[in-house]
Amino acid sequence: MLEVSGFLINSSFAMLLLPLWVAVMIILNAAVPFVSSRKLTLNLSLGVSLIGIIFSVCALYFCLFSQNAAAENNLLWLNTGDLRVSLGTLVDGLSAVIMLFFSVIFFLVQVYSYGYVKEEKNFHRFFIFLNLLNFSLTGLILSSNLVQTVIFWELSGVFVYFLINYWYTKKSASDAAKKTYLINKIGDAALLLGVIGLIYFSVIFSSAENMILLSYSNLQFTAETLYSMVSGKTFLIIAMLPVFGAMTKCAQFPFHSWVVDATEAPAPVNAILQGVIPVATGGLLLMRLYPLFVLSTEVLAWLKIVGCISALVFAYVAMSQNNIKKIFAYSTASQLGLFFVALGIGAYTGAGYFLISHGVLKVLLVLTAGVVVCSMDNENDIKYWGGLRQSMPGVALIFLLGSGALSGLLFSGFCANTLLLANFYLQDNFIWTVVILFVFFMSAYYLFRVYFLVFEGEKSKIELKKVSNYMKCPLCFLVVISIAMAFCYKKVFASLVYFVSLEQVSLSDGGKVVMLFILLCAVYITFRLYMSPYSKFMLIKERVLNKENLLYKLSYNCFYIEEVNKFLLDKFLMKFCRFVDFIDKYIVNGVVVILGLTTRVFSYLVSKLQNGNVQSYLAYSVFILAAIMVVIVGIYLLGSLVGV
């Protein structure tokens with residue numbers, strides 16, 4: 001088995017290029033109108049994802065049982081003496097785990113997508129972009145160095161734009177795609193500047209002649225060398241820049257609005273944006289660059305502050321939303337905030353497990369919500385839903401299990417939450433522990449609020465539509481994956497994903513009881529508020545959950561952050577852009593035009609002087625010499641008059 005695993009890992013370049021080849025095959029399949037087959041497109045896409053799963057399992061086996069902790073293959077791309085840039089693949093514990101997560105989720109999303117878009121006119125285009133995104137994310141996960149990561153990071157942003165803009169004739173979808181692209185460009189620019197800074201100082205201070213530029217396997221050496229050679233402020237700036245790149249991909253405050261607007265995309269794209277992209281881009285980047293971050297207490301503090309703000313604010317905002325897509329979008333930003341906080345306190349393994357657990361469960365809930373939305377004729381407002389458990393008991397059960405798991409009551413969600421709490425307890429910080437428990441409480445509230453309003457209570461009057469079984473089958477597998485993850489933490493995940501040494505942390509039974517009690521209290525309060533209209537909780541509902549209440553207004557309107565952004569955009573940024581446009585159009589471009597016209601006029605005059613007559617040339621020469629002499633004499637006389 002080790003020989004087979006080693007052979008596949010040595011063929012990782014083929015694995016990287018396979019989705020790109022499949023995208024080309026789908027283009028050829030779609031190019032012939034009378035011969036093209038949608039089933040062929042699906043089978044090609046599923047085939048490459050299945051190969052990715054096999055590769056990931058072998059990579060996982062290799063990392064668990066091989067004497068070598070990692071396998072790295074590199075090809076020299078650029079060699080300019082001091083600068084050696086390589087393209088390669090790195091298969092270690094982290095990349096193997098994330099690659100397995102990514103391949104399995106992508107396989108299930110593609111099955112779901114077939115049922116979701118099989119009647120669409122642009123069916124083949126959707127799967128072409130899915131496979132191109134598969135190619136870019138595979139390259140990102142397997143990248144052996146930071147330079148290669150930037151390349152695939154940019155590619156993934158482009159293909160995400162195309163997927164969000166799938167319904168390009170719909171203005172809201174087109175606007176959401178542009179907003180997503182532009183907001184993420186802020187993080188992309190920050191990441192690029194950080195990489196340029198690392199390259200600059202690596203070339204100056206690196207003593208290893210043949211070291212691959214910014215290789216992840218040597219990143220700790222690079223980080224320590226940089227830390228010892230530059231000032232504290234310079235190191236802080238270089239280390240902080242990639243964090244901003246991760247913040248945009250993980251929809252952290254204040255870069256969260258793109259994930260809310262991107263809900264205009266199809267449901268499988270939403271699942272990828274909220275469950276896969278944060279893991280394979282921002283989350284992976286932070287974990288890869290962790291040797292750089294741990295050398296700066298300011299960076300770790302920033303991770304904690306940003307994560308805490310995002311976790312608290314967006315969980316609070318999700319509690320009052322009625323659009324089911326927005327609820328899950330704000331939930332994504334909140335849950336990823338906990339991942340940032342966990343990294344900030346040094347819980348590397350716990351943060352990684354929480355990130356992947358969240359990815360699986362968020363994909364499950366978003367796809368389940370997609371099934372319900374399709375059944376309800378694309379109605380997203382949960383106020384118009386209700387009683388759907390009677391019509392779709394299987395979907396209701398899956399949503400209930402997913403909500404329980406994501407809130408921390410069941411399966412991998414329970415393990416992930418207890419890991420975070422255990423690490424906070426080790427920090428001996430009561431305030432952080434209270435904060436995370438409060439976020440858990442709010443998460444359980446808004447998740448079970450959705451369940452009670454959608455699947456319980458009075459039955460909705462909207463006539464349900466039939467949904468393809470291709471959309472329902474992946475949901476069952478995602479529940480099984482979450483259950484399996486709960487049993488694989490200690491034996492698999494913790495032994496593969498760690499920083500410096502294995503993390504041996506566990507929450508006491510008393511801590512688990514406290515966490516479960518808080519979560520069950522949230523479920524009970526939610527049940528009483530929405531399922532028992534004659535209880536004492538109705539008084540709370542009338543006074544607090546009221547659109548006239550300030551706290552409710554702040555939650556429902558997301559603290560008016562979008563309004564503030566729009567005000568700043570209109571009053572300052574747009575005026576600045578118009579000023580820059582004026583400078584560019586009338587000053588910079590004007591200088592260029594004047595220089596061009598001057599050159600053309602001078603050339604025209606000179607061309608007229610060239611008549612081929614030698615006598616004319618002698619006359620011109622005498623005239624020019626005479627003019628020069630007159631100027632010289634004039635300057636001399638002027639100098640004499642003024643006494644120079």
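Student: What are the ground rules?
Tutor: Residues are numbered from 1 along each chain, and side-chain values use heavy atoms, without hydrogens and water. In this predicted model, local features need pLDDT of at least 70 and side-chain atom pairs pLDDT 80 or more, while totals for chains, interfaces and linings use all residues.

Student: Why is asparagine 29 called buried?
Tutor: Its relative accessible area is 9%. Buried means under 20%, exposed over 50%, partly exposed in between (1.4 Å probe, protein chains only). So asparagine 29 is buried.

Student: What is asparagine 29 in contact with, leaving aside neighbours within four places in sequence?
Tutor: Val35, Ser36, Ser37, Leu40, Thr41 and His124. Contact means heavy atoms within 4.5 Å.

Student: Why is valine 591 called partly exposed?
Tutor: Its relative accessibility is 46%. That value lies between the 20% and 50% limits, so valine 591 counts as partly exposed.

Student: Why is alanine 626 called partly exposed?
Tutor: Its relative accessible area is 39%. This too falls between 20% and 50%, so the label is partly exposed.

Student: How do you know that the span of H14 is close to the expected one?
Tutor: The expected span is 1.5 Å times one less than the number of residues. H14 has 21 residues, which gives 30 Å expected; its first and last C-alpha are 31 Å apart. Helices are DSSP runs (H or I, at least four residues), numbered from the N terminus.

Student: What makes H14 largely enclosed?
Tutor: 19 of its 21 residues are buried, so the rest of the structure largely encloses H14.

How values were computed: Helices (H or I, at least four residues) and strands (E, at least two) are DSSP runs, numbered from the N terminus.
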